Amino acid sequence: MANSAGSRKRARQAVNRRANNASLRSMVRTYIKKVRAAIDAKSYDEAQAALTAASPFIDKMVTKGIMHKNKAARTKSRLNVSVLALKG
């Protein structure tokens, strides 16, 4: 249990930040699911549009420290390969 005023404040901040990070993580997962759903539906145009919408949010999660940069790059790369496979 936090005893000093400073540690109590830090505990409050941690709760708020954890909730905010969870919300952002959920949002980016939803964007990724939309891309995968369009890929499963074999709709190239929808998948490309969804990927274009998801990419900046994935990059933003890296900037905020919620997602590792290599995981973000790997995710974007795999989604892009899947979308391009629909084209041909």
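A nonpolar core is a set of buried Ala, Val, Leu, Ile, Met, Phe, Trp, Tyr and Cys residues joined through side-chain atoms within 4.5 Å; buried means under 20% relative accessible area, exposed over 50%, and partly exposed in between, with a 1.4 Å probe and protein chains only. The model is predicted: local features need pLDDT of at least 70, side-chain atom pairs count only at pLDDT 80 or more, and totals for chains, interfaces and linings use all residues. Residues are numbered from 1 along each chain as its sequence is written, and side-chain values use heavy atoms, with hydrogens and water left out.

**Exercise 1.** Determine which residues have the most contacts inside the largest nonpolar core, and which elements give two or more residues to this core.

*Solution.* Step 1: the largest nonpolar core has 17 residues. Step 2: Val35, Ile39, Ile58, Met61, Met67, Leu79 and Val83 have the most contacts inside this core. Step 3: two or more residues come from each of helix H1 (5-40), H2 and H3; helices are DSSP runs of H or I with at least four residues, numbered from the N terminus. Step 4: apart from neighbours within four places in sequence, Met67 is in contact (heavy atoms within 4.5 Å) with Val28, Ile58, Met61, Val62 and Ala72.

**Exercise 2.** Classify the aromatic pair found in a search of the whole structure.

*Solution.* Step 1: the search finds one aromatic pair, where pairing requires ring centres within 6.5 Å. Step 2: the rings of Tyr31 and Phe57 have centres 4.4 Å apart and planes at 15 degrees, so the pair is stacked (planes under 30 degrees apart). Step 3: Tyr31 in helix H1 and Phe57 in helix H2 are 26 residues apart, and the pair links distant parts of the chain.

**Exercise 3.** Is Ser43 buried or exposed?

*Solution.* Step 1: Ser43 lies in the loop between H1 and H2. Step 2: with a relative accessible area of 18%, Ser43 is buried. Step 3: leaving aside neighbours within four places in sequence, Ser43 is in contact with Ala38 and Leu86.

Technical notes. Phe/Tyr/Trp six-rings, centres within 6.5 Å; stacked < 30°, edge-to-face > 60°.
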